[in-house]
Amino acid sequence: MRLAPAVLALTLVAAPALAGVDAVLDDHVLPGTAAFAQATQALDDQAIDFCQPQDLAPLWNSAMDAWVRIGHLRLGPGEQAALTIAFWPDARSAGRRTLARMIAAQDPMGVHGDDFPQVSAAARGLYALETLLYDPDFNGYEPDSYSCTLVSVMAHDLATQAAALDAAWREKFAPELRTAGQPGNATFLSMAEAERALFTALHGGVEFDADQRLGQPMGTEDRPRPQRAENWRSGRSLRNLTLSLESLHAMATALAGHPVDAVDSAFDAAAYFSLAITDPAFQDISDPQGRLHLESLQGRVRTIGEVLISEIGTSMGIAPGFNALDGD
Amino acid sequence: MGSRRAFLAGLAALAAPLPSWADAGNPRWLACAREADGGHALFGLDTAGADTFRLPLPARGHAGAAHPSRPEAVVFARRPGAWALVLDCGSGARLRQLTPPEGMQFNGHGAFTEDGTRLYTVEQRASDSQGFLGLWDSDYRRIGQIETGGIGPHEVLRLPGDVFAVANGGIATDPTDRTKLNLPTMAPSLVYIEGDRLAEQITLPADLHSNSIRHLAHAEGRLAFALQWEGDPARTVPLLGLHRRGAAPVLAMAPGPEQAMMQGYAGSVAISGAEVAITSPRGGRMHRFSLEGAFLGATTRADVCGLAPCESGFLTTDGGGGILRVEGGIARPLGLRPRAWDNHVVTL
């Protein structure tokens, strides 16, 4: 009987993966999708009675905060949902153009909740709402106007999508991740595959912060693109980046099962460099000093990605897609 | 004289039955893979997805051609290919190493004639990427070549009656690597070759000229082709085409967001019963369509690319080592191997 503790220890060692996947789901993913569903529901509730920017901006910001914390979860139900909840980057301003056309034509699809999910993805979700609430070309609408109804319908569509996303994670995809490797699970044939899928989302989130959240406004040295900054009209560009990195840091810790010094240092360094950013909307990118600060921060964010691969990814046997990269 | 030799050979043939695929464990499929130690090998797979043989390869393979009767597989190197190996899958012997003529490169695919007396290899001229089918006799001696009428051909498929369909990808590449040289002017085509004659040629509408036609499948007079988009990544375009001889091609796609998830890239195509499927390793998903091109559904699986018809559905392989059977869109794992399956599964 004295053998029992040793046997137990061996069993635990043989299955170290489970803790990481469960921890990511229980401490990060599911609280995050629930918070997003709740925040968008609050926005929807308010938008039933009040539709003007001053009525909705705080709740839209709360919803945006909640999304940024889970926006990197582009796997399972999050893969497609991201396209219609968060249509960004939108280099061709498809969202603004579609909304302008709909409003000019008083398109009935925009004011009928049942039809609205069929409008272009660019005119749905959080970023389309930002345009209506913050863009001076759009946000001067009156109560009882077409735009007013459009905002309510858009907020309801967003809340519906968020609830579906939360439910799909809870009821379907989280169980698939937890039962990885069990007979009948065709999505994840081993626990290592489940870990890899979560790691890919984590690493992809860091890349998104570097390449899109920072890279879009940076453009090229000859041609900075301040108006491509995420949420620049609402002045949230830096806030999004900060919240996203905080969330990714928490996910990394959960996935590793414990804090990892090198990972903590890499996230701390990026947080420190972000303190130098003076314009929360990145609109000073054309100024050499402003550009330098964004470039430095981007470098630190890229370093996070490298550290994640060496400190967490390698131990999970992470390799880039064999066929995805072959290109033939 | 020769007659005595022929007589002795005849005696030997009587004494020992001709080698057949039974000597290689009766595989249903062939597939290349990278193994855990970084080496590469060709595997035979039975209908349950189990290995029937394993033959080491000197480098990464792409696809292969299986001889219709002899247990011989020709494995092609990745583009730009300098070699193809003829392997006896029963004994494991390396029968031949094929080298393209000076100035030519293999392009990863090939096919035998129905009777197995000729091998057609897809090749491009290194200098200008002009496409050719190389012709080899049953002893794998080079006997000629046929123009494919396009640039950068990729897959060749034998259709009934020894008609050969070729996907001219349209992309000119650097002679030494895969650098793409002509994307603004690329013009892919699908051609049918009868004898040495280009019998029919299909092209895409002008605004889809950046959609490279690369992989092929065929069943009952219907050809399916898989596409890879080289144009503006923000555009969502069809990645599957269906064609009947003499008719206009039909392009098929999933509803908007689902189509976008394919990331403009289809890596393999197969037809099984009333369904046609394409895989996207970049999008981690397989799309199924009706034979008329109506979208039926998506099945997700990381780095999935290898695709073949099987009884009542499809077999898929992926870079994670998985082998799955997908029936009516429902995936069921057949196995998880310690290897990364390469792009294609060849059906015997």
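Two residues are in contact if their C-beta atoms, placed from the backbone, lie within 7 Å. With that in mind, here are some close-ups of this predicted model.

**View 1. B:K180 and its contacts in a loop of chain B.** Setting aside residues up to four places away in sequence, B:K180 touches B:I171 and B:T173. The loop that holds B:K180 runs between β13 (163-168) and β14 (189-194) of chain B. Is B:K180 buried, exposed or partly exposed? With 16 other C-beta atoms within 10 Å, B:K180 is partly exposed, because that class lies between the 20 or more of a buried residue and the 12 or fewer of an exposed one. For a sense of scale, look across to B:V304: this residue is 124 residues apart from B:K180 along the chain, and their C-alpha atoms are separated by 24 Å.

**View 2. Helices α8 and α11 of chain A, side by side.** The axes of α8 (residues 191-218) and α11 (residues 288-313) of chain A come within 10 Å and cross at roughly 170°. The two helices, α8(A) and α11(A), are therefore roughly antiparallel to each other, since angles over 145 degrees count as such. On the α8(A) side, the residues that meet α11(A) include A:F199, A:L202, A:V206, A:L214 and A:M218. Facing them from α11(A) are residues including A:L294, A:L297, A:V301, A:L308 and A:I312. By class, the residues of this contact divide into 13 nonpolar, five polar and three charged.

**View 3. Helix α9 of chain A and the glycine that follows.** Helix α9 (residues 237-256) of chain A has 20 residues. From its first C-alpha to its last, α9(A) reaches 29 Å, close to the 28 Å expected at 1.5 Å a residue. How many residues of α9(A) are buried? The count is 15 of its 20, and α9(A) is mostly covered.

**View 4. Where chain B touches chain A.** Here 28 residues of chain B are in contact with 19 residues of chain A. On the chain B side, the elements that give two or more residues are α2 (256-260), β26 (322-327), β27 (330-336) and β28 (339-347). That side of chain B has twelve nonpolar, nine polar and seven charged residues.

**View 5. The annotated span of chain A.** An unreviewed UniProt entry places the feature "domain: Imelysin-like" at residues 30-303 of chain A. The span is 66% helix and 0% strand, and its end C-alpha atoms lie 28 Å apart.

How values were computed. Residues are numbered from 1 along each chain as its sequence is written. Chains are lettered from A and ligands numbered from 1 in the order in which they are written. This is a predicted model: local features need pLDDT of at least 70, side-chain atom pairs count only at pLDDT 80 or more; totals for chains, interfaces and linings use all residues. Axes are lines fitted to C-alpha atoms, for helices over the stretch in contact, and angles run from 0 to 180 degrees between N-to-C directions. Helices (H or I, at least four residues) and strands (E, at least two) are DSSP runs, numbered from the N terminus. Angles under 35 degrees count as roughly parallel, over 145 as roughly antiparallel, 65 to 115 as roughly perpendicular and the rest as oblique. Ala, Val, Leu, Ile, Met, Phe, Trp, Tyr, Cys and Pro count as nonpolar, Asp, Glu, Lys and Arg as charged, and the others, Gly among them, as polar. The expected span of a helix is 1.5 Å times one less than its number of residues. UniProt positions are given in the numbering used here, feature names are shortened, and annotations may be inferred rather than shown by experiment.
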